[in-house]
Amino acid sequence: MNSKIKQTKGDRTILIINNIMLSVIVTCILVPLLYVFLSSFLEPNALIRKGLALSATDWSLEGYRRILTDGTIMRGFLNSIIYSAGFTIVTVGVSILAGYTLSVDGLVGKKIFMIFFLITMFFGGGLIPTYFVIRDLGMINTIWAIIIPGAVNVWFIILARTYFKAIPNELKEAARIDGASDFRIFISIILPLCKPIIFVLALYAFIGQWNSYFDAMIYLDNRDLYPLQLVLRSILIQNEVQPGMIADIQARNEILRISEMIRYSSIVVASLPLLIMYPFFQKYFEKGVMVGSLK
Amino acid sequence: MNKIGKTLSFILLSGSLMVTGCTNKSSSESFSSEDYELTNVSFPLKENVSLKILTSSSPLAAEDPNDKLIFQRLEEKTGVQVEWRNYTGDVFAEKRNLAIASGELPDAILNSGFSDYELLKQAKDDVIVPVEDLIQYMPNLQAVLEKAPQYKAMMTAPDGHIYAFPWIEELGEGKESIHSVAAFPWINKEWLNKLGLEVPTTTDELKKVLIAFKTQDPNGNGEADEIPMSFIINDGGQDPQSLFGAFGIGDNSDFTVVSNDGEVILTAADEGYKESINWLNDLYNEGLIDIEAFEQDWNTYLAKGRDKRYGMYFTWDKGNITGMGEDYDLLAPLKGPDGHQNVGRTNGMGFDRSRMVITSANKNLELTAKWIDQLYDPAQSVQNNWGTFGDDKQQNIFEWDESASMLKHLPLEGTAPVELREKTSIGGPLAILDSYYGTVTTKPDDAAWRLDLMKKVMVPYMEADNIYPRVFFSIEDLDRLSAIEADLFAYIKRKRAEWIANGGVEKEWNEYLSELDRLGLQEWLEIKQSGYDRNQ
């Protein structure tokens, strides 16, 4: 049975325009992605000479072979996963707990705490003092230097707090009448309700940590602890070539060749985990990012 | 929530904040050695001492420098143990600055990589100490400076102090130096032969040859896909600067030359420069210059070179672009329209001012100086720069010839020399003088080949006796120079490309000269000139 309401002319025009605009946007996003993906399977010289010519002789897995056999890249990949996962768990845990506490009505000194947190959004201690703190806590050259310093993310806390505030108070009151403690309410009532915000925060935290290299560069000395981004950086940037040094003029050519070869395949490898994660998180993501707009 | 609950959570929360606010007692561990109270140090040491040094190395090299054979041998020879903090080149600058800012100074920094500006700044902030008084402990360095006294002036800061130990690598002396001409012009000999043409000797003949390359299908594929001439504008060795000599004083990448009377001249304000640009514009209008010459990067340039599409191109060493085959040959400097034949010299030299500094935290100055002096030992310097011999774990650059007691280069057998050098050499402060070749070591093959070409093809036509040396300017001068150069050189480079492609150099020349003056050319010349005079 076809019970569709007949669309007016205006509706249809809008729909068509909408579709056209969306496809343009999607193409704009998709083309570079596809280009990188296809390029990663091509011989770098062939790519420069002919562009994306899809003849079978130009295909090569050399870039991937180099990445997968290079111990440092694979170790960096594992480190990155550990850091990102660890950081995600800690950050999300802290944000949810702090966000919930700050959303509870009648918490004494709520304003003060909030201001206390907010100040850190605008003022930092600076690189060197922060380095001193990390050093004196004995965290230099350990995984903790990556995970702990950024764990309290005020933006995440605000996001979480806003979400919790939207949960009706009656739910909590009902639970209390049934004899639940504050902790029980949080575990049994609130947590199941706030999956979307947890997943959104987790995704943000994971991506942020996955793409960052600066903390690792400052706090880590041991090359075995380097995350993927730092390893890639050292391969792709290497030493600046100084003109006039004989060895360097040759080095430049060799380095350019290698970095060209692995450039695209390393981009693909480095973004793979995020691409895989995304579909699983997507249904929560849609709900979650709306959180801020509710209030 | 009841009242007690509220108060409790408040106390708990504020308590946790206070705990995190507490700091451990500060244990500012410094990274410098204690005072060993050693005087009249002679190696090998009987005492068991160690120095703490910050350094950088290639990502290809071992993480712990003590895994390198050169340092193992050095430790054996001196008895000084070195505790390293080693970072790869990409993070080194940050780590070095962090160590300085946080006060965790090492005894010394090897491969310190300070610019002149940073060097003077660190000296002013008492991070590094002047070392001229330490040279008395350094017989090897003294010997180097005796044989090549010109470096002493370049090491010395305008305030009279020496703040860092330099890296000196000579390959050929004077005009015959490997740096004299960076952008060698390579011409396609195969195409010349095929079309029955002579190697051009004048700018007019070159134009005719290039036209023939364009129109007579020298690669014989029936398509006009030949590129008569290609270059990368304003890119050092890939720039067409070496052709400018036919019209006057020539040109180089920093537009600075010194006349034979010792006057500093900006090439880009010279009459000959105008004519060179005009001539190149003529070639461009005839379609003889690669249209990509103004925007291509190295990889594009390389790809076309590998396909052998160039009739003529510019680079340091043809091996990098078209391979070491016989098909391309070095083109000798051309005669200009009025019969002038010359090639401009670059100001390049194998000299790096800041390869090692001693910090103010160092309490064993004599010991450190004597250790550094070991690096200036001739045979040691050669190995530090290129790699060593007798390593059974990996390929070697050298073998030790017992009878002649010198180092001999071994054939590379397919390994890229760069990779091997970066794995085994240590860089740092060192001195390789031209007189070492044949007595201390053999010349590297690639350099020997290029030096030979330079001597035979380029040197006979080189007019300039002087180059502009690595003058050590004061902070004030450096400030002025970099402020002026930021605008001046950008303008020159932009105009250069624009004129070759679009023409108009004749018409705009006077306007251009007054714009150069407006951007501070006269002040720039003054600073450069006084720096040059000071260095003589």
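Visitor: What makes the crossing of H4(A) and H8(A) right-handed?

Guide: In this predicted model, local features need pLDDT of at least 70 and side-chain atom pairs count only at pLDDT 80 or more, while totals for chains, interfaces and linings use all residues. Residues are numbered from 1 along each chain as its sequence is written, and chains are lettered from A and ligands numbered from 1 in the order in which they are written. Now the crossing: it is called left-handed if the near helix is turned anticlockwise from the far one by less than a right angle, and right-handed if clockwise. H4(A) and H8(A) cross in the right-handed way, so the clockwise case applies.

Visitor: Why are H4(A) and H8(A) called oblique?

Guide: Let's start with the axes, which are lines fitted to C-alpha atoms, for helices over the stretch in contact; angles run from 0 to 180 degrees between N-to-C directions. The axes of H4 (residues 71-103) and H8 (residues 154-165) of chain A come within 8 Å and cross at roughly 50°. Under 35 degrees would be roughly parallel, over 145 roughly antiparallel, and 65 to 115 roughly perpendicular, with the rest oblique. The angle falls in the rest, and H4(A) and H8(A) are therefore oblique to each other.

Visitor: How do you know that residues of H4(A) meet residues of H8(A)?

Guide: Two residues are in contact if their C-beta atoms, placed from the backbone, lie within 7 Å. Among the residues that pass this test are Thr91(A) and Tyr100(A) in H4(A), and Phe156(A) and Arg161(A) in H8(A). The contact holds eight nonpolar, four polar and two charged residues.

Visitor: What makes one residue in the contact of H9(B) with H15(B) polar and one charged?

Guide: Ala, Val, Leu, Ile, Met, Phe, Trp, Tyr, Cys and Pro count as nonpolar, Asp, Glu, Lys and Arg as charged, and the others, Gly among them, as polar. Here Ile277(B), Leu280(B), Asn281(B) and Tyr284(B) meet Arg496(B), Trp499(B), Ile500(B) and Ala501(B). Arg496(B) is therefore charged and Asn281(B) polar, and six residues are nonpolar. The axes of these helices, H9 (residues 271-285) and H15 (residues 475-502) of chain B, cross at roughly 45°, and H9(B) and H15(B) are therefore oblique too.

Visitor: Why do S2 and S14 of chain B stand at the edges?

Guide: The open sheet has six strands in the order S2-S1-S3-S11-S4-S14, with mixed pairing. S2 (80-88) and S14 (430-432) each have a single partner strand, so one side of each is left without a neighbour in the sheet. From one strand to the next, the twist averages 30°.

Visitor: How do you know where the domains of chain B lie?

Guide: The bounds come from an automatic or database domain assignment. Domain 1 covers 49-174 + 351-445, and domain 2 covers 184-344 + 494-510. Their C-alpha centres lie 38 Å apart.

Note on methods
Pairing = 2+ DSSP bridges. Helix = DSSP H or I, 4+ residues; strand = E, 2+ residues; numbered from the N terminus.
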